[in-house]
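My notes follow in the order in which I looked things up.

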Amino acid sequence: MVGKGLRGPHHRGRRLRRALATAFILCCAGWVSAQLTHHDLPVLPLSAHRLGGPAGITEPSEFVLARMAYSDLYAGEPLEVRPWQIDAPAAERHFLQGLRRLSAIHARPTEFYIHPNAPGLFDLPFLYVVEPGHWNLTETEVGRIREYLLRGGFIMFDDFHGSAEWQNFMRGIRRIFPNREVEDIDSGSEVFHVLFDMEHREQIPGLQMLYSGRPFEKDGYIPHWRGVRDDDGRLMILINHNMDLGDAWEHADVPEYPERFTAMSYRLAINYIIYAMTH
């Protein structure tokens, strides 16, 4: 049966919980086809079919890397170019190989998508959100995301750049948490040291650096690691602003892309996941 999932607001998760129980993983393919739609459209990118399914997809797993399918500013655009699924599924396929190799976490080896309104949301301790500078959340999504975080969930935001995207991102955050501080996360924070010591960090650029010669995009010159905490001091939101960890995962095999950025992006994300699963 499915695990208990995230605890209620009076018992915010502080110990390792299995992301999904064995039976949930074994029936995952059917659940995805039944639940993961947005405006009656399937959310699985076409490129996932071209990549095929890696070995181990039906094995029981203790962690699922779930990407949030949020409402955005481009509802009239084709689903495959919507901002929430940029770099999918190649980014996840590459990163999950590294997660299984570099940590003791037995992760599902393929991508997974979930809408904030989906019934399985509270079974997931960690959500990955891409390009939140373009989100346009509904009131229902706002409420579900708030409840998810206060019940012990963790969200990693990635791949958005510059002041305009930051302002739109913050409009969404202020709807979720009108009064909680968005703070800079200093190098001594536990989240940077749970497995890998990441006191030294650099701006992680997207692939565009190879042709632009710049590590930044738009006016996002300075990288920021920021977060939002719950009432007990637990980080429940980790924001990678002016960076693109997803590109560093996706292009891990591109000889021209600097290895140090890929290695850093893997280590940071593994730290975030372990923190989310143990706090």
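His 161 is found in the loop between S6 and H6; helices (H or I, at least four residues) and strands (E, at least two) are DSSP runs, numbered from the N terminus.

I then listed the contacts of His 161 (heavy atoms within 4.5 Å), and, leaving aside neighbours within four places in sequence, they are Glu 217, Lys 218, His 241, Asn 242, Met 243 and Asp 244. With Glu 217 the side chain of His 161 makes a polar contact of 3.5 Å, the term standing for a pair of N or O atoms within 3.5 Å, of which, within protein, one must be able to donate a hydrogen and the other to accept it, while residues adjacent in sequence count only if both atoms are side-chain atoms.

Residues are numbered from 1 along each chain as its sequence is written, and side-chain values use heavy atoms, with hydrogens and water left out.

For pLDDT, the predictor's confidence in each residue from 0 to 100, I found a mean of 85, with 79% of the residues at 70 or more. Over residues 9-51 pLDDT stays under 50. Where pLDDT is low, the predicted coordinates should not be read in detail.

Turning to the sheet, I found seven strands in an open sheet of mixed pairing, in the order S4-S3-S5-S6-S9-S8-S7, where two strands pair if DSSP finds at least two bridges between them. S6 (residues 154-158) and S9 (residues 235-241) pair in the parallel sense over three bridges, and Met 156 stands opposite Leu 238 in S9.

Last, I looked up helix H6 (residues 162-176), which lies across S6, S8 and S9 and runs at about 165° to S9, the axes being lines fitted to C-alpha atoms, for helices over the stretch in contact, with angles from 0 to 180 degrees between N-to-C directions.

Conventions:
Predicted model: local features only at pLDDT ≥ 70, side-chain atom pairs only at ≥ 80, totals over all residues.
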